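Visitor: Please show me the model. I would like to ask about the terms used for it.

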Amino acid sequence: MRRRKAQEKEILVDPKYSSKLVAKFINMVMLDGKKSIAEEMVYGSFEIVKKQLNEPDILKIFHKALDNVRPRLEVKPRRVGGATYQIPIEVRQERGSAMSLRWIRDFARAKKGKSMKEKLADELIVAYKGEGSAIKKRDDTHKMAEANKAFAHFRW
């Protein structure tokens, strides 16, 4: 039997946009506890996105990009009688948001040759337009869930 549920830590809104999602993204981008550098990167990338898309409301762009990347289904391994099946399950809103933030961050980090601000901005723009690596990852996740639909009855 499992122990108690982990206590969820309340996240403070970010100072510039008063958004918890932006604060979460800053925390995800942060390395070695250097939050001011992470804030600089995220805010800088937001400015680049604003200039390139000629859209004054960056939060709308950010939310649309995240919504485009957020997976609706994923697969979870489940052992049934010595065999491990990949069982498709629906993704909760919070987990989906966390996954999309993580994917955008990881694909931005994987790029070479530019500053992190520019890489983050590029990744957000392609996610907003519905293309790019993070969107491909979401589609692959959905395909995997679709392919294993036959095992959905093992969900409990």
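Guide: Here are some terms, each set against its definition.

Guide: This is a predicted model, where local features need pLDDT of at least 70, side-chain atom pairs count only at pLDDT 80 or more, and totals for chains, interfaces and linings use all residues. Residues are numbered from 1 along each chain as its sequence is written, and side-chain values use heavy atoms, with hydrogens and water left out.

Visitor: Why is E146 called partly exposed?

Guide: Buried means under 20% relative accessible area, exposed over 50%, and partly exposed in between (1.4 Å probe, protein chains only). E146 has a relative accessible area of 45%, so E146 is partly exposed. E146 lies in helix α6; helices are DSSP runs of H or I, at least four residues, numbered from the N terminus.

Visitor: Why do S18 and D32 count as exposed?

Guide: S18 has 54% relative accessibility, so S18 counts as exposed. D32 has a relative accessible area of 76%, so D32 is exposed too. S18 sits in the segment before α1, and D32 in the loop between α1 and α2.

Visitor: What is the phi of S18, and what is that of D32?

Guide: Most residues other than glycine have a negative phi. S18 is not a glycine, yet its phi is positive, about 50°. D32, also a residue other than glycine, has a positive phi near 55°.

Visitor: What makes a nonpolar core?

Guide: The term covers buried Ala, Val, Leu, Ile, Met, Phe, Trp, Tyr and Cys residues joined through side-chain atoms within 4.5 Å. The largest one here has 35 residues. V22, F25, F46, F62, I104 and L120 touch the most other members. Helices α1 to α6 each supply at least two residues of this core. The most come from α3, with seven.

Visitor: Why is α1 called roughly perpendicular to α3?

Guide: Axes are lines fitted to C-alpha atoms, for helices over the stretch in contact, and angles run from 0 to 180 degrees between N-to-C directions. The α1 and α3 axes are 11 Å apart, at an angle of about 70°. Roughly perpendicular means 65 to 115 degrees, so α1 is roughly perpendicular to α3.

Visitor: Which residues of α1 and α3 meet?

Guide: Contact means heavy atoms within 4.5 Å. L21, V22 and F25 in α1 meet L59, F62, H63 and L66 in α3. By class, this contact of α1 with α3 has six nonpolar, one polar and no charged residues. Ala, Val, Leu, Ile, Met, Phe, Trp, Tyr, Cys and Pro count as nonpolar, Asp, Glu, Lys and Arg as charged, the others, Gly among them, as polar.

Notes. Parallel < 35°, antiparallel > 145°, perpendicular 65-115°, else oblique.
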